[in-house]
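Trainee: Please take me through a close look at one part of this model, the surroundings of its aromatic rings. Then tell me how the rest is laid out.

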Amino acid sequence: MKSLLLAAAVLMTPFVPVSGQFSKNRSSLNLEPGTFSVEGMTPKPVVLKVQLEAPLYPTSKFQGALGSFAPGTLVTLIAMSDTAYRVRGRARHGDVAGWIRQTDVISADPNLAANLKKLLERTQKVEELIRNRQVALGMTSEEVKTSLGKPSRTSAKINAQGKEEKLEFSIYERVPQTTTGRDAFGQLVQTVIYVKVEVGTLAVNFKDGVVSEIEETKGNPLGGGGVQIIPPPLFGF
């Protein structure tokens, strides 16, 4: 039996964990190279305030202004690049969506751009883990359930240090098997079918909603590659 622990320091974060619904509402907007969508990655829309008169552009290259936002206008962030934000709001000539300079707006979070990039990187890693039906230290309980399915057993306890939860999962693989039979002409034919076989069980422990320990309780479902680690959720909008 193999037990893998995440050091307490990794779990220390000044941000509030967000919902595991990290990509359900991701914008389908066709974006320019070097930009990425923000819509759907945060638990609620990111609202920014225009500081000064802010020109609005059709691309993140700031060419050919479409109009401008008046100082004090509230806009909703929908995408970003290293220097620009794509926002939606009411400009002087009406409701529009376009690109403005990051320096033209202010946010309640002074590290907004850096934190959004960290969130994007984590989101991409989690999506890859879920596609491969894998689990990693730092995932939330909802992300683990999305990846591994419904747990076979759950337990939880609350103490002075917070809430601890344990989920147990049966891990299956589709194993090929060859069967022999006869076709419509009486000829012997072989057919490959796939059978669902349990290859092991995992016990996943959570500390305040984040994976802190993964234990192979039967078999070797983690394989020979060991456990993966991703940053815990780190958003506080």
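Mentor: A charge sits over a ring if NZ of Lys or CZ of Arg is within 6 Å of the ring centre and within 35 degrees of the ring normal. By that test, the charged end of Arg101 sits over the ring of Phe62, at 4.3 Å from its centre. This is a predicted model in which local features need pLDDT of at least 70 and side-chain atom pairs 80 or more, while totals for chains, interfaces and linings use all residues. Residues are numbered from 1 along each chain as its sequence is written, and side-chain values use heavy atoms, without hydrogens or water.

Stay with Phe62 for a moment. The residue lies in the loop between strand S4 and strand S5 (67-69); helices (H or I, at least four residues) and strands (E, at least two) are DSSP runs numbered from the N terminus. The phi angle of Phe62 is near 60°, which is a positive value in a residue other than glycine. Phe62 counts as buried at 18% relative accessibility, where buried means under 20% relative accessible area, exposed over 50% and partly exposed in between (1.4 Å probe, protein chains only).

The ring of Phe62 also has an aromatic partner, Tyr57. The structure holds one aromatic pair, and Tyr57 with Phe62 forms it edge-to-face, at 5.5 Å centre to centre with 70° between the planes. Rings of Phe, Tyr and Trp (its six-membered ring) pair if their centres lie within 6.5 Å; planes under 30 degrees apart are stacked, over 60 edge-to-face, the rest tilted. Tyr57 is buried too, with a relative accessible area of 10%. Another charge over a ring involves Lys196, whose charged end sits 4.6 Å from the centre of the ring of Tyr172.

Now the rest. The protein has three helices and 15 strands, and 39% of its 237 residues count as buried.

Beyond its neighbours within four places in sequence, Leu77 is in contact (heavy atoms within 4.5 Å) with Val38, Glu39, Val46, Leu48, Tyr85, Arg86, Val87, Leu112 and Leu116. Across the protein, among contacts between residues at least 6 apart in sequence, 55% join residues at least 24 apart.

Last, compare Ser147 and Arg133. Ser147 is placed in helix H3 (residues 141-148) and counts as buried at 0% relative accessibility. Arg133, by contrast, is exposed, with a relative accessible area of 53%. Arg133 sits in the loop between H2 and strand S10 (136-137), and its phi is near 55°, again a positive value in a residue other than glycine. The two residues meet: leaving out residues up to four places away in sequence, Ser147 touches Leu129, Ile130, Arg133 and Gln134. Ser147 and Val135 are 12 residues apart in sequence and 7.0 Å apart in space, C-alpha to C-alpha.
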